[in-house]
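This briefing goes through selected features of one structure, grouped by topic. Please keep the sequence and the 3D view open while reading.

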Number of protein chains: 2
Amino acid sequence: METPHNDFMPFFKPKHIAIVGVARSEFRFGGMSFLQKYLEAGFPGKLYPINPKASEILGLPAYPNLASLPEVPDLAVVCVAAAHVPAVLEECGRIGLRHIHILTSGFNEVGTEEGRRLERQVASIAKEKGLLIIGPNCMGPYCPASHLTAWGAIPGASGPLGIISQSGSITQRLTEYAYSLGIGTEKAVSIGNATVLNSLDFLEFMGEDENIKVIAVYLEGLQEGGRFFDLARRIVPRKPIVLWKGGQTEVGARTAASHTGGMAGSQAIWEAVFRQTGVTPVSSLDEWMDAVMAFALLPRPRGRGVFIIGGGGGISVVYSDTCILEGLDVPAPSPAAMERLLQTVPQSGSIAGNPLDDWQTLVDASYFGNILELAYGEPQVGMVIVDRLIFRKAFHIPDIPDPTPQTIEQVKQKGHLKPTVFTVDSEGGDSDLALAGTNLRAQFCRAGLPAYPSVKRAARALMHLYRYSSRSGRS
Amino acid sequence: METPHNDFMPFFKPKHIAIVGVARSEFRFGGMSFLQKYLEAGFPGKLYPINPKASEILGLPAYPNLASLPEVPDLAVVCVAAAHVPAVLEECGRIGLRHIHILTSGFNEVGTEEGRRLERQVASIAKEKGLLIIGPNCMGPYCPASHLTAWGAIPGASGPLGIISQSGSITQRLTEYAYSLGIGTEKAVSIGNATVLNSLDFLEFMGEDENIKVIAVYLEGLQEGGRFFDLARRIVPRKPIVLWKGGQTEVGARTAASHTGGMAGSQAIWEAVFRQTGVTPVSSLDEWMDAVMAFALLPRPRGRGVFIIGGGGGISVVYSDTCILEGLDVPAPSPAAMERLLQTVPQSGSIAGNPLDDWQTLVDASYFGNILELAYGEPQVGMVIVDRLIFRKAFHIPDIPDPTPQTIEQVKQKGHLKPTVFTVDSEGGDSDLALAGTNLRAQFCRAGLPAYPSVKRAARALMHLYRYSSRSGRS
């Protein structure tokens, strides 16, 4: 697209919205659920439901068609059956409504001649009438600041994240995931079949959006490889792009074709692209969120050495393995630091070193603060992982007040000098443990300190952060 | 050890136990907490607390030393400080008490000359007096059938699992984890420094224990490589050995040395050992539990092709990638199966194929049963993954009764012909979601159907199962 990017603003900050195709009675996914969500989220502009057989829907006046509206809205959400979409687009063209989100599916992705024909029609009407179209077959734009939250938490929270995705369900999951961890979304867009506007149009747009600090992209296929390459090279030095590539394998690619009708491309090419652009590659929802959280909340590391503060025997052995296998270093403490550790770490049942296995860090926040200071003072240490346990009866822990608030305070007091993350493993099939772990991680995250459910996930997120920082010269 | 293995039974099924070194007043980890746990678990034999300064502890008569006991117990748990351990062992020798668990730490693992000297003393007294010793520096034996549960859930549950571990905390985590998922433990042992009895002595013992169907081992180091090799070759054809090797990296190995004083060995050698013996290698607690659950609950697969039944757009694309990258196949449906799918799978918003993306499988158990039957009938399909969603408001799901019990029933009705597992992803920082997911997974697991928190983890567990089955000729 050669459209100037400020031309995309009506998608995310529309004044008024027409919802074309709202079933009158039933509560179901489609125009009705979008209308309900906009109302629930308190969208401040006018909402125009279009239904030729209704005079009122959810207390709002309904209109038979776009032409009968009292004004031209600046966004249309099209929810009518696929066969009727071309006629709606023609009508948009006639009244000068250029920004359109087509929710409807039944185009290229179904693999029928009829589907392909309809999608070609969408493309040609858009071209002829100069329409800007998101979709079809997608969830469209999302912008909490505009109360435009058609999915997930209502009203959602604004924040540093921008999301571009070829999957509606994945977009929804990531916005919700980030929201639960206290990370807001500035703008998200689910682009579906990308018949008119594609991922790169929105990548260019979000690259220039000053409110967006991290761009998360889920992509199955791509038509314009060279353009992606140029855009990524331009954007990455200013903000990280965390990219999850679906259809990495042949079978995944086969499924992608049925999903959004695109081609997935060769994994070898993608690997070269990641290397040359500095785009951060991830391969699961969790890894995506983990990296986004690190980029959104942490300062840039100056080295790949990690100091691990924990408590619990054999677990420390495994933590070293895990970090090393993810590409980090686990440097031995300097002689001076080792001397200090030996003065306070109990000889029996603990291990003075890196990883540090010292129960006192779990129960005594001020002792923890001293250890953290020691870690920050080590020149070989670029980042810190703090492992916390959910106390259980079996551990014979004294009954003490929850040390979490003071522990968080210590990281802030010591200046959060080096990227510092927490890990709380609460996997174990036990619902009390799962709940306590989720809550404890959320407590850290909402205080602005990333917390992960395992050292493996923390280590990978830190490695992504380190790679980005060392490349972009921001370290 | 050349001891006959039935000689280990007093460790797991002792008639009476002496606990040497029980602090009188304070509740703390050590002799006192072990005594409390045995009482709480309803250990049916006599418990003899030894403390020269007490006449009664927790309502039980206390004795000044082993020699003053009214009878010779068949197990001693030694909890006195390291320096006093040799004297206790001498006393054991004098009264003919041969089975000893030394809980105390402060030996080789602390790296001091004194620690090493004490450990050498333990070894030489054991040799001289013919003592069988677990430890020092460990949690010792665990056997729910004997109410001998010194850690974790009380009283624990008996089941198909045997555990041998060089880490007390890891042993505890795995027994609790398995218990929460409805998988009981026949015997577990935390061996610590393994001065006298080592992992291999217990591997040989558990290999012959008919009640144990799966052996889970956490190992940091090993002295007798050849013996491990021979044992594994003998045991693996009869039951799987799932081995987590701590100290895989140089730093991990350095930490292992501080942990239990052993040497970790070369990773290259270990890889060859895994290949040649058929031992299943894992590298985290989760992967360990996931594999154990698959081995404990599933029939053996006849092929590596997996059919994925799910619902939710882009997610299916990613599921294919994930399974393929773990080594499984995701075969396209046969023409006959595809024809059947196309008759019932909605054209719009769903994907007929493998992975199958069809919302109806989530809400209609009898429809799900038909799809399952179709999958079982496909010759290229060896295993089935069923992805379930935690319904959320955003999904616009009709308010229906929970389909889970009927869904479980369908797997059983269709004969569970091929290994069938469930996946319920509930990660997202949201505590309601985490709780609902943990509970749903537990519901499947307790019905005897493995459930995993992600397709990645399910795929890896199934790949371990497939590799074992195709090797051992049990497929």
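A:P355 has its place in the loop between α12 (335-344) and β15 (356-357) of chain A, and the peptide bond that leads from A:N354 to A:P355 is cis, with omega near 0 degrees. The model is predicted, so that local features need pLDDT of at least 70 and side-chain atom pairs count only at pLDDT 80 or more, while totals for chains, interfaces and linings use all residues. Residues are numbered from 1 along each chain as its sequence is written, chains are lettered from A and ligands numbered from 1 in the order in which they are written, and side-chain values use heavy atoms, with hydrogens and water left out. Helices (H or I, at least four residues) and strands (E, at least two) are DSSP runs numbered from the N terminus.

**Backbone features in loops**

- In chain B, the peptide bond from B:G135 to B:P136 is cis, with omega near 0 degrees, and B:P136 lies in the loop between β7 (132-134) and β8 (140-142).
- A:H147, in the loop between β8 (140-142) and β9 (161-165) of chain A, has a phi near 60 degrees, a positive value in a residue other than glycine.
- At 29% relative accessibility A:H147 counts as partly exposed, a class that lies between buried (under 20% relative accessible area) and exposed (over 50%), with a 1.4 Å probe and protein chains only.
- B:H147 is found in the loop between β8 and β9 (161-165) of chain B; its phi is near 60 degrees, again positive in a residue other than glycine, and with a relative accessible area of 29% B:H147 is partly exposed.

**The sheet β2-β1-β5-β6-β7 of chain B**

- Five strands of chain B form an open sheet in the order β2-β1-β5-β6-β7, with parallel pairing, where two strands pair if DSSP finds at least two bridges between them.
- At the edges stand β2 (47-50) and β7 of chain B, each with a single partner strand, so one side of each is left without a neighbour in the sheet.
- Neighbouring strands of this sheet are turned by 20 degrees against each other on average, direction ignored; axes are lines fitted to C-alpha atoms, for helices over the stretch in contact, and angles run from 0 to 180 degrees between N-to-C directions.
- Strands β1 (residues 17-20) and β5 (residues 75-78) of chain B pair in the parallel sense over four bridges, and the bridge partner of B:A18 in β5(B) is B:A76.
- Helix α3 (residues 85-95) of chain B lies across β1, β5, β6 (99-102) and β7 of chain B, and runs at about 170 degrees to β6(B).

**The sheet β15-β14-β16-β17-β18 of chain B**

- Another open sheet of five strands in chain B has the order β15-β14-β16-β17-β18, with parallel pairing, and its edge strands, β15 (356-357) and β18 (451-452), each pair on one side only.
- Helix α16 (residues 431-446) of chain B packs on this sheet, touching β16, β17 and β18 of chain B, and its direction makes about 170 degrees with that of β17(B).
- Six of the six residues of strand β16 (residues 383-388) of chain B are buried, so β16(B) is largely enclosed by the rest of the structure.
- From β16(B), B:M383, B:I385 and B:D387 point one way and B:V384, B:V386 and B:R388 the other way.
- Strand β14 (residues 306-310) of chain B pairs with β16(B) in the parallel sense over four bridges, with B:I385 of β16(B) as the bridge partner of B:I308.
- β16(B) also pairs in the parallel sense with β17 (residues 420-424) of chain B, over five bridges, and there B:T423 is the bridge partner of B:D387.

- Helix α10 (residues 285-297) of chain B has 13 residues and reaches 18 Å from its first C-alpha to its last, close to the 18 Å expected at 1.5 Å a residue, the expected span being 1.5 Å times one less than the number of residues.
- Because 11 of its 13 residues are buried, α10(B) is largely enclosed by the rest of the structure; B:W288 is one of the buried residues.
- Leaving aside neighbours within four places in sequence, B:W288 is in contact with residues including B:I163, B:Y218 and B:W244, contact meaning heavy atoms within 4.5 Å.
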